[in-house]
Amino acid sequence: MEALFGKKNNSGAATTGANAAANAGANAGANAAANAGANAGANAGANAGNNGSAMMRRSRKQSGGAKKAAKTRKARKAGKTPAVGSKAQVFHGSAKHTSGGLTKSDLMKHKGRIVSRKKHALGKKAFKNLVKAGYKPKKGTFKLFKA
């Protein structure tokens, strides 16, 4: 509005609308250009300093920093032994009985295998009866042959 009606300059005399508008435009253009140049320069300088080096500094700090002390783990509580397990688990004491009900006292080792004492005794008895009936084992085979 002051541009249309006239603006007092420093000397106190009113300037005409055209002169005031020209002065205001010139000043605005000069100020805008100066501000833009200053801002661009400041931003460019700031960006040039941070371009990539900030990431490098961050990565160096992470890798070169002091290492954390390893946390000590709590010891696990001794769990209950499972009731049902395999023959091996029962034989070694990590289970109470097999699914068939065999306990450690019912199991034994024969030729490296864990077997039931009762089944082992029945097998020996059957073999003895076959030998009595005239069958003999032949070396190198898993068969009994009539003698």
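What follows goes from the whole chain to that part.

Tutor: Two notes on reading the model come before the tour. This is a predicted model, in which local features need pLDDT of at least 70, side-chain atom pairs count only at pLDDT 80 or more, and totals for chains, interfaces and linings use all residues. Residues are numbered from 1 along each chain as its sequence is written, and side-chain values use heavy atoms, with hydrogens and water left out.

The chain holds five helices and four strands (DSSP runs, H or I of at least four residues for helices and E of at least two for strands, numbered from the N terminus). Their order along the sequence is α-α-α-α-β-β-α-β-β. The chain has 147 residues, and 7% of them count as buried (under 20% relative accessible area with a 1.4 Å probe and protein chains only; exposed is over 50%, partly exposed in between).

Now the core. The largest nonpolar core has five residues: V90, F91, A95, L107 and I114. Such a core joins buried Ala, Val, Leu, Ile, Met, Phe, Trp, Tyr and Cys residues through side-chain atoms within 4.5 Å. Take V90. Leaving out residues up to four places away in sequence, V90 touches G85, A95, K96, H97, T98, L102, T103, K104 and L107.

T98 sits in the loop between α4 (87-92) and β1 (107-110). T98 counts as buried because its relative accessibility is 7%. Beyond four places in sequence, T98 is in contact with V84, G85, S86, K87 and V90.

Next comes strand β2, residues 113-116, which holds S116. Why is S116 classed as buried? Because S116 has a relative accessible area of 12%. Beyond four places in sequence, the contacts of S116 are L102, D106 and L107.

Helix α5 runs over residues 117-132 and gives the largest share of the lining of the largest pocket, six residues. A pocket is an open set of points on a 1 Å grid over the protein atoms alone, where a 1.4 Å probe fits, with protein on both sides within 12 Å along at least five of seven lines; lining residues have an atom within 4 Å of a point. The lining counts 13 residues, and H110, K111, G123, K124 and F127 lie nearest the pocket centre.

H120 lies in α5 and is partly exposed because its relative accessible area is 21%. Its contacts beyond four places in sequence are M108, H110 and V115. H110 is also one of the residues nearest the pocket centre. The C-alpha atoms of H120 and L107 are 9.5 Å apart, across 13 residues of sequence.

L130 is also in α5. Its relative accessibility is 35%, so L130 counts as partly exposed. Beyond four places in sequence, L130 contacts Y135 and L144. L130 and L144 are 14 residues apart in sequence, with 8.4 Å from C-alpha to C-alpha.

Technical notes
Contact = heavy atoms within 4.5 Å.
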